[in-house]
Amino acid sequence: MGFKNLDWRSVEIPRIPPKPDLMPLTGGYRRTPVMQFGADIFCDSQGIMRELERRYPEPTFFPGDTDGLGWGISRWTDGPLFTTMIKLVLSATADSIPEDFARDRSRLYLGENVDLHAVARDIPHLISQVRAQFSWINQRLETGRPFILGDKPGLPDAFCYYLVWFLRGRWRGGPGFLSEFPALEAWEIRVRDIGHGSSTGMPSTEALEIAKDASPEFQQDIDSTDPLGLSGGQLVGVTPDEDGGDPVVSGSLHILNRDSIAVLREDPQVGQVCVHFPRVGYRILVS
Ligand SMILES: N[C@@H](CCC(=O)N[C@@H](CS)C(=O)NCC(=O)O)C(=O)O
């Protein structure tokens, strides 16, 4: 939001389910963040950023003709690197965070019945893995350019920044760990200074009213060459493609292309909504 200098409304949702004012909008998707434009709901930061780039192309998330590269980097930062960091931070904080929160997040990211105390025995190894990967970001920034892609901020800065924010703020060892990387720390301040645009708080019930008063903006658009061979209007389910026990969002297929999936669904509280997901990292289920 800050890169594109946007005015937006911010709705806070509960940290763990139930999330009663989110479910009517997403149809079951429970993760954070989601973005709403009227009756269109965009799930996952990947889907959110793609839509922001489409609506607000300038300044671009892809400065210097770097299209494509940022998405590739996101599969590393949001994938294996994030999972390793989650193991490290959750197991290192297991005794100091609320039990229901620890149970929820370890099931979501590490699978059912994971023993965080057993994971904690691996902390030195986990730190070694994160350390090497953070040193790659640091090396990139040591070249003297202010941002990861060069002179202007772009998608990789956002995808790397939240990891640094997470380590610094959620793990007692974070500040000491990060102090090994001065170029990264200087970049961290530059990205922090970009800020979040201008946001005003909004009650979650107002988000439901907005969806109810709006209609989905998008026409049906199905790629006929898609490998799954699906048709518009077909009943499908969509769920994150990891074993986190995430619920399946069901609806009629409305958009299907290389990068996006969207389903239309009806909800008694908000009427018809269109729920959008990125393609990569999500699985479509057909009954
Ligand atoms: N790939 C997703 C991951 C989202 C994710 O796992 N977010 C965490 C934020 S802590 C979450 O949703 N945790 C569970 C929750 O908020 O209920 C994205 O980039 O948006």
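**Entry 1: two domains**

I began with the domains: the C-alpha centres of domain 1 and domain 2 lie 26 Å apart. The contact between them takes eight residues from domain 1 and ten residues from domain 2, where contact means that two C-beta atoms, placed from the backbone, lie within 7 Å. I sorted the side of domain 1 that touches domain 2 and got three nonpolar, three polar and two charged residues. For that sorting, Ala, Val, Leu, Ile, Met, Phe, Trp, Tyr, Cys and Pro count as nonpolar, Asp, Glu, Lys and Arg as charged, and the others, Gly among them, as polar. Domain 1 is made of 7–58 + 204–285, and domain 2 covers 69–194; these bounds come from an automatic or database domain assignment.

A note to myself on the source: this is a predicted model, in which local features need pLDDT of at least 70, side-chain atom pairs count only at pLDDT 80 or more, and totals for chains, interfaces and linings use all residues. Residues are numbered from 1 along each chain as its sequence is written.

**Entry 2: the whole chain**

I found ten helices and ten strands in the protein chain. These are DSSP runs numbered from the N terminus, with helices being H or I of at least four residues and strands being E of at least two.

Buried means 20 or more other C-beta atoms within 10 Å of the residue's own, exposed means 12 or fewer, and partly exposed is in between, with C-beta atoms placed from the backbone. Of the contacts between residues at least 6 apart in sequence, 66% join residues at least 24 apart.

**Entry 3: around the ligand**

Which residues surround the ligand? I listed I16, R30, R31, T32, D44, S45, Q46, D78 and L108.

**Entry 4: the cores**

In soluble globular proteins, nonpolar side chains tend to be buried together. I looked for that here and found that the largest nonpolar core has 27 residues, with V238, I261, V273 and V275 having the most contacts inside it. Such a core is a set of buried Ala, Val, Leu, Ile, Met, Phe, Trp, Tyr and Cys residues joined through C-beta atoms within 7 Å. Elements that each supply at least two residues of this core include α10 (204–213), β6 (235–240) and β8 (260–267). Another core, of 19 residues, lies apart from it and has F3, F61, I73 and W187 among them.

S250 sits in strand β7. Is S250 buried or partly exposed? S250 is partly exposed, because 17 other C-beta atoms lie within 10 Å. Beyond its neighbours within four places in sequence, S250 is in contact with G27, L235, G237 and R265.

D223 is in the loop between β5 (221–222) and β6. With 13 C-beta neighbours inside 10 Å, D223 counts as partly exposed. Leaving out residues up to four places away in sequence, D223 touches L256 and N257.

L228 is also in the loop between β5 and β6, and counts as exposed, with 12 C-beta neighbours inside 10 Å.

**Entry 5: backbone details**

Where are the cis peptide bonds I noted? One runs from P17 to P18, with omega near 5°, and P18 is in the loop between β1 (7–10) and α1 (23–26). Another joins E58 and P59, with omega about -10°.

D65, not a glycine, has a positive phi near 55°. I placed D65 in the loop between α2 and α3, and D65 is exposed, with 9 other C-beta atoms within 10 Å.

Terms used
A residue is near a molecule or strand if its C-beta atom, placed from the backbone, lies within 6 Å of it.
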